[in-house]
Amino acid sequence: MVTRKNPIFDTATTLGKILGFLGVSAICGVLVAGLLVPAAAVSGSAASGSIQFFDTLPAELQVDPPSQNTTILAKDGSPIASIYAENRTKVPLDQMSPFIKDAVIAIEDSRFYEHGGIDTTGIMRALVSTARGNKQGASTITQQYVNNVINESLVASGKEEDVKLNGLNKGVGDKLREMKLAIALEKKFSKEQILEGYLNIVFFNRDAYGIEAASKFFFSTTAKDLTLPQAALLAGLVNSPSAFDPISNPDNSKKRRDLVLAAMVNQGKITQAEYDEAVATPVTTKVTPARQGCAYATMAPYFCDYVLHLLLNNPAYGETSDDREKRIMRGGLTIQTTLDPTAQAVAQQQVDGTAGANPDKWGASIVSVQPGTGQIVSMAQNTVWLPQEGKFDQTQNFNVDVMDAKGNDLNGIGGFQPGSTMKPFTFAQWLNEGKSMNQTVNAAQRKYGVNFPWRNTCPTPTDGFYDANVPGSFDLQNSDTGYYRNMTVLYGLMNSINTATFASAAQVDLCGIQKIVDATGIHGGLPMRDDTGKITDPNPQVPMTRLSNLIGATQTAPLTMAAAFATFAADGKYCEPIAITSVKDQTGADLPAQSSNCKDAVKPEVARGVAYAMGKVLDEGSGSLIRPALNSRNFPVAAKTGTNDTNGSTWVVGYTTGLATASWFGDPLGDQSRYGRNLTINGKFYQSIDGYMIAGPQFTNFMLAVAPAYGTNPFPAPPSNLMGGGAPQRNNTPAPNTQNSQAPSNSGNSGNNGNNNGGNGNNNGPGKD
């Protein structure tokens, strides 16, 4: 048999509701007696008993700073992007309009400065109103602040399902805890601190948390500059952000705003004249959409993403990746970077101009670092992060390792085959062993068989061979038949002759080349993984004992190449690339950032010899078609061109004494069926592309505009013993005097390694110049 409820205590009846509420009040009846005056004034024994009683209740409130926006800044302090989980910018109370403070108090808690956290007058008023069928809240601003702090803590801890909203899913225990915490809060903080905290944490709708974000979103202004009608409107939003949204519900918003204004005039916070003028003001908004993340960066979105990944991969920002992400998204960090906005604008202009109208999705990128510091000056590519009609959409960074970019998984880019831009490192070892750059080698030799006597003092065995007599292999190739002959080592590098590079390598220790490559920071852009996909080495070595790597077979990031070439510009000092100079938390305390990490990597005399030789590359060799434009400024530049075997990856990497730059053009999609041949770029047809053709002018134009600001002093001359006797042989094909952004299709002097199958059948190397 079902027991019938006593109708007197049925909570569905008016009397039942009253008695039910009073039943709760009986549990904490001492509260009513103790909170008729502010907590600061409570001194009687009854009041003391109240406080002591509530102090015995569980669950203390930890008022942590609410989630705040993280800001990424350029070198000059200009903003790059804002990153957040909740769009919020904390501002002090004295940076808020008096109107918003008065408006919120008038509509939400008129007795704010009179109660001690719980307003018993408001509770009784709400009780009577509820008894009459008109539900009315009784939470003070302090209680609302408590509720917001609790919910913020739950969200930050990943417990969104436990969030409790005012009046919706709270039980008696929840309200008791809220009251207890409100009392404790008033004992610990001043009214001004509570009001400031409340206005900085409360939700105003439309991705706007806190009064500063709401002011910017709805009115494109600051909390300090809010007008009376604007402040009243925002104060009215707090009660129901959706119902009183001025964009979707303007009529409701005006009624609510005018109700706030009426409360303000009734409470003497504004004059009748101010009220009349404000209610006569139409509800208008001037929306500034809240756009967060690197996709909405004001500049350099891919650099922005690179910066974020540096922090996401740094254990100093949290034990797990989730911890680090929360620290960034909610921690209110200020991240100062090395990016030069002026250089970045030029870089972006160049890559967009190189491959702007681009239905076939060819990629262009450029990245620069400062020799001697490693600071990244600019980083750009010709794609957009968000879909745009007619634009090449690509969220992966062309310029960096897979681990430092969005999409850091098995499908990441992680750079491209560097081709002949690897040849200077063999040349550097030649000089490092004290040999003269004008010494002659036999570039006619094309067979390097299985038993060729390479000198290799590394524990890693020599890998690969070139011998057409062995099935599956073939002889080493150049792009033009006229270069299978004796020539100086300098001439071979100037004109990018593959057989000259191998003839040089045959006379040095391959392990010495390896040491120079390692010392200058060159590594593979794709991480090494085991059979399960777990990363075993995020920065794998480029093995120079694998013969195809002498001419650039391993995928390497442009940033890596720019930093390596910067070593030669800095007289042999290698500096790891850095993007972040300082990180501060929301209190202004310093967090781990990056600092220049430099080391002596190459002998100064070797670096000077390499600079001399790569100056000749532009003056007379494979890069001569891009040099004339540089002559207009008459400052020394050293560079090397490079192209892989499919013509799908083309480069110019070079430097002045103050700036090193890697310019790349090619296929970023990694489609092995696509070749850089028979293509049209910006209306110009190319039978095949080499480094000097498109990447070259991109490099030249950027350096002309940017390099002078970073220093263009002459390179120190190499010592005479490295120069040797006799003048270097000159290029047989004179360079035309042209400043066209795109040179003729073939200079006739590039080296080509052809298809570099090694002995194991998988050393497919890159190719030209």
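Me: How many charged residues does the lining of the second largest pocket have, by class?
Reply: In this predicted model, 40 residues line the second largest pocket. By class, 16 of the lining residues are nonpolar and 16 are polar. The charged ones number eight.

Me: Which element gives the most to the lining of the second largest pocket?
Reply: The pocket has a volume of about 950 Å³. Strand 2 (79-83), helix 8 (191-201) and helix 9 (211-219) are the elements that give two or more residues to its lining. With five residues, the largest share comes from helix 8.

Me: At what angle do helix 9 and helix 10 pack?
Reply: Helix 9 meets helix 10 (residues 228-237) in a right-handed crossing. On the helix 9 side the contact is made by Ile 211, Ala 214, Ser 215, Phe 218 and Phe 219, and on the helix 10 side by Gln 230, Leu 233, Leu 234 and Leu 237. These residues divide into seven nonpolar, two polar and no charged. The axes are 11 Å apart, and the angle is about 115 degrees.

Me: Is Ser 67 buried or exposed?
Reply: Ser 67 sits in the loop between helix 3 (45-55) and strand 1 (70-73). Leaving out residues up to four places away in sequence, Ser 67 touches Ala 85, Glu 86, Arg 88, Glu 152, Met 329 and Arg 330. Its relative accessibility is 3%, and the cut-off for buried is under 20%. Therefore Ser 67 counts as buried.

Note on methods:
Residues numbered from 1 in each chain as written. Predicted model: local features only at pLDDT ≥ 70, side-chain atom pairs only at ≥ 80, totals over all residues. Heavy atoms only, no water. 1 Å grid on protein atoms, 1.4 Å probe; cavity = no way out; pocket = protein on both sides within 12 Å on 5 of 7 lines; lining within 4 Å. Points joined across faces, edges and corners; volume = space filled by probe spheres on them. Helix = DSSP H or I, 4+ residues; strand = E, 2+ residues; numbered from the N terminus. Nonpolar A, V, L, I, M, F, W, Y, C, P; charged D, E, K, R; others polar. Axes fitted to C-alpha atoms, helices over the stretch in contact; angles between N-to-C directions. Left-handed = near helix turned anticlockwise from the far one by under 90°. Contact = heavy atoms within 4.5 Å. Buried < 20%, exposed > 50% of the residue type's maximum accessible area, 1.4 Å probe, protein only.
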